[in-house]
Amino acid sequence: MADEYVTQERRTSTEEPTAAQPTHTTVIHESKSSSGGSGLVIALVLLVAVVGGFYLFSQTSSSEVARDNAIADAAQDVGNAASQIGDAAESAAEGAANN
């Protein structure tokens, strides 16, 4: 029987950069540009707030006008009632003086 040998040879070589070739690193930073959609949303919310504030202010003003008119009508009614009481008292005094 003959002896058989299998031989494998592995060679590793490492190359180092020479001083003539400078080494540098390039960093590429990519950022996603915004389309301005958030600005549109903020503008829409601001518009709704302004319109809502105007509506509430106009409702408050009209309710104050209605309240003022109601007070003026009530004061006029009180004045008319006082006038009627005065007329009735005058009539009663004339009736008592004539008897």
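Predicted model: local features only at pLDDT ≥ 70, side-chain atom pairs only at ≥ 80, totals over all residues.
Residues are numbered from 1 along each chain as its sequence is written, and side-chain values use heavy atoms, with hydrogens and water left out. Local features need pLDDT of at least 70 and side-chain atom pairs count only at pLDDT 80 or more, whereas totals for chains, interfaces and linings use all residues.

The chain contains 1 helix and 0 strands, these being DSSP runs (helices H or I, at least four residues; strands E, at least two). Helix α1 spans residues 37-98 and includes Leu47. Of the 99 residues in the chain, 0% are buried, that is, under 20% relative accessible area, with exposed set at over 50% and partly exposed in between (1.4 Å probe, protein chains only).

The whole structure holds 1 salt bridge (a side-chain nitrogen of Lys or Arg within 4 Å of a carboxyl oxygen of Asp or Glu). Arg67 and Asp68 meet through their side chains in a salt bridge at 3.7 Å, N to O, and Asp68 counts as partly exposed because its relative accessibility is 42%.
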